[in-house]
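User: I'm new to this one and would like to learn how to read it. Could you walk me through it feature by feature?

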Amino acid sequence: MAVIDEPLQTMIDRLRRQHTDDGDIEAKACGHGLSASVWESVSAFANTAGGVLLLGVDEESGFKPAVGFSLNKVRDQFIEGIGDGGVNGARLTHPPVYELSRETLENQQILKILIHENTIDQKPCYVTAKGVGSGSYKRVDDKDIRLSGAEIYELQNALRPSDADMQIVREANVADLSKRGIQRILDARKSSKALRGANTRQEQLARLNITDKKGGIRLAGLLVAGEYPQQFFPRLIIDVAVHPGTGKSQDDKVRFIDRERCEGPLPEMIDEAVEAVARNLRKTSVVEGVARREELEIPREALREVIANAVVHREYHSMFVGAPVSVDVFYDRLEVTNPGGLWGGKTLANLDDGQSKCRNTALIQLMQDVPLSREDGTTVEGQGTGIPLVKREAKKSKGLKLEFKASADWFKVIFWRQDIVIRHMATHRRMSHVPTHRLSKSATQRLSVDDVQGQISEEDLEDYFNRFPIDSESDSEPHDTSVSSAVKRQIRNDSQLLTLIPENDVISARELANQTGKSVETVRRELRRLIQEQKVEPIGKSKSRQRVYRRL
């Protein structure tokens, strides 16, 4: 949690500029004792990403010290309520780790409490008296919002193998299975121990968990080898939608440029989804010897891996079967979203550690036996190689950035199409903000020949460059003679910025942009360089728009 080391006055200054709390900080006056709503905020921070409670700070009076605040009284009530003493016991189930300290604000003492995020086995943290269904919260901006039933289920079962893919689909029977699909699986496993002694077709299907011993069709078997699983589960599809802008329903007249509901068994769905996306991506021709081949802007192998992962690792509990896997192609990015959060101790930090974790064990076992329909190999590998492969392929494709997002009940992979953002800026005469000496030759060439069909707002651009600096060394190589002049210009920029950044106060990138007349993304790029040179100190989370800076 980045805010742990943030000075109190910096927090207060930010809250006053915002005129509200935020996702990291919650201020409570507690003028008559500890507010009951404090426990909702503790639950929310513990279930999300941690945060800071400032007790004795009154939001209504502009984040001034609260009148009537009794630090010792509130401290004792908090310690008792969190379960560290007192006769009434803990107010929370799964209370978080916390750090409590006295701070001075405008000559009055307040209480600062750092709430750490709970480990996955201790989620959800909830207000005991309300019960898990009504007393579990998450932090969204400055609000504590109740977790949904689906979110609570995912947190409670994040370390438990699911049996959803083993359930019997009661209305289905063997006639609903594809003879060709079954034969392909049996051919792939014919020499395995799984079929040893299984002489009849019914025994073989049961051994592979396509059916149970009585002939009942398991969900995993229906999804992988069924003729049309959507007869029983209409929303277990891959929904591919191509949007005209950078968000959904931005155009009153045109909602979709292209739309395809990919149905059938999972292997066919994955193939159809990859093709539906591919026909809406830019292609480049590459000459190898006397041959010419086409390459997608998002490598096909990476695209297939992400879509296959989404259907294999998604949640198939009855609470989630009404939600499809969504593939959304926007002007500046592609998003693949599956129902169900990360499972088995996986986090955004350890996604590419090479360890395979899958909640749907029967399903992934069958998918490992299904050959690809158009090329060699199987639909999935199940060896923990997927995310490293996707990262590797994305890195090869210059101008493509990869981002992962997760919540309790969904997971999302985003391919950011950086070249499109660059070309948009070029078309709208904003190339003064783009360091073309840091772009690859191919990207620079495309600037002059490609037309821009969509629109990207200033907010979209700011958000993009806050995530991904366009002059990242991993993206491109220098190739022209303007570097020396660029370096001289940068020295002047550094000097100008340093004079505007205070030593004993803080300033935001937007404030610096207003003072210098530069774009926010240009200022942030220059700030990153000053941070690396240890001339400027950032305060706040790296991707937060509330991040501020202080001169060292």
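Analyst: Let's start with strand β15: four of its five residues are buried, so the strand is largely enclosed by the rest of the structure. Buried means under 20% relative accessible area, exposed means over 50%, and partly exposed is in between, using a 1.4 Å probe and protein chains only. Helices (H or I, at least four residues) and strands (E, at least two) are DSSP runs, numbered from the N terminus. A word on the source: this is a predicted model, where local features need pLDDT of at least 70, side-chain atom pairs count only at pLDDT 80 or more, and totals for chains, interfaces and linings use all residues. Residues are numbered from 1 along each chain as its sequence is written, and side-chain values use heavy atoms, with hydrogens and water left out.

User: Which strands does β15 join by bridges?

Analyst: Two strands pair if DSSP finds at least two bridges between them. Here, β15 (325–329) runs parallel to β11 (residues 238–242), with five bridges joining them. Ala241, for instance, has Asp328 in β15 as its bridge partner. Strand β16 (residues 333–339) runs antiparallel to β15, and four bridges join these two. Val327 is partnered with Val336 in β16, and a hairpin of three residues connects β15 to β16.

User: Where does Gly322 lie, and is Gly322 buried or exposed?

Analyst: Gly322 is in the loop between α10 (300–313) and β15. With 52% relative accessibility, Gly322 counts as exposed.

User: How do I read aromatic pairs, and how many does the structure hold?

Analyst: Rings of Phe, Tyr and Trp (its six-membered ring) pair if their centres lie within 6.5 Å; planes under 30 degrees apart count as stacked, over 60 as edge-to-face, and the rest as tilted. There are four such pairs here. One of them is Phe78 with Tyr98, an edge-to-face pair at 5.4 Å centre to centre and 80° between the planes. This pair links distant parts of the chain: Phe78 belongs to helix α3 (residues 71–81) and Tyr98 to strand β6 (residues 98–105), 20 residues apart. Phe78 counts as buried because its relative accessibility is 0%. Another pair, Phe404 and Phe411, is stacked, at 6.2 Å centre to centre with 15° between the planes. Phe404 is buried at 15% relative accessibility, and Phe411 is buried at 11%. Trp39, Phe78 and Tyr98 make up one aromatic cluster.

User: Which charged residues sit over rings?

Analyst: A charge sits over a ring if NZ of Lys or CZ of Arg is within 6 Å of the ring centre and within 35 degrees of the ring normal. Arg333 has its charged end over the ring of Phe330, 4.0 Å from the centre. Arg259 lies over the face of Phe256, 4.7 Å from the ring centre.

User: How many disulfides are there?

Analyst: A disulfide is a covalent bond between the sulfur atoms of two cysteines. The rule looks for a pair of cysteine sulfur atoms within 2.5 Å, and by that rule the count is zero. Cys125 counts as buried, at 0% relative accessibility, and Cys262 is buried at 0% as well.

User: And the chain as a whole?

Analyst: The chain has 18 helices and 21 strands, and buried residues make up 51% of its 552 residues.
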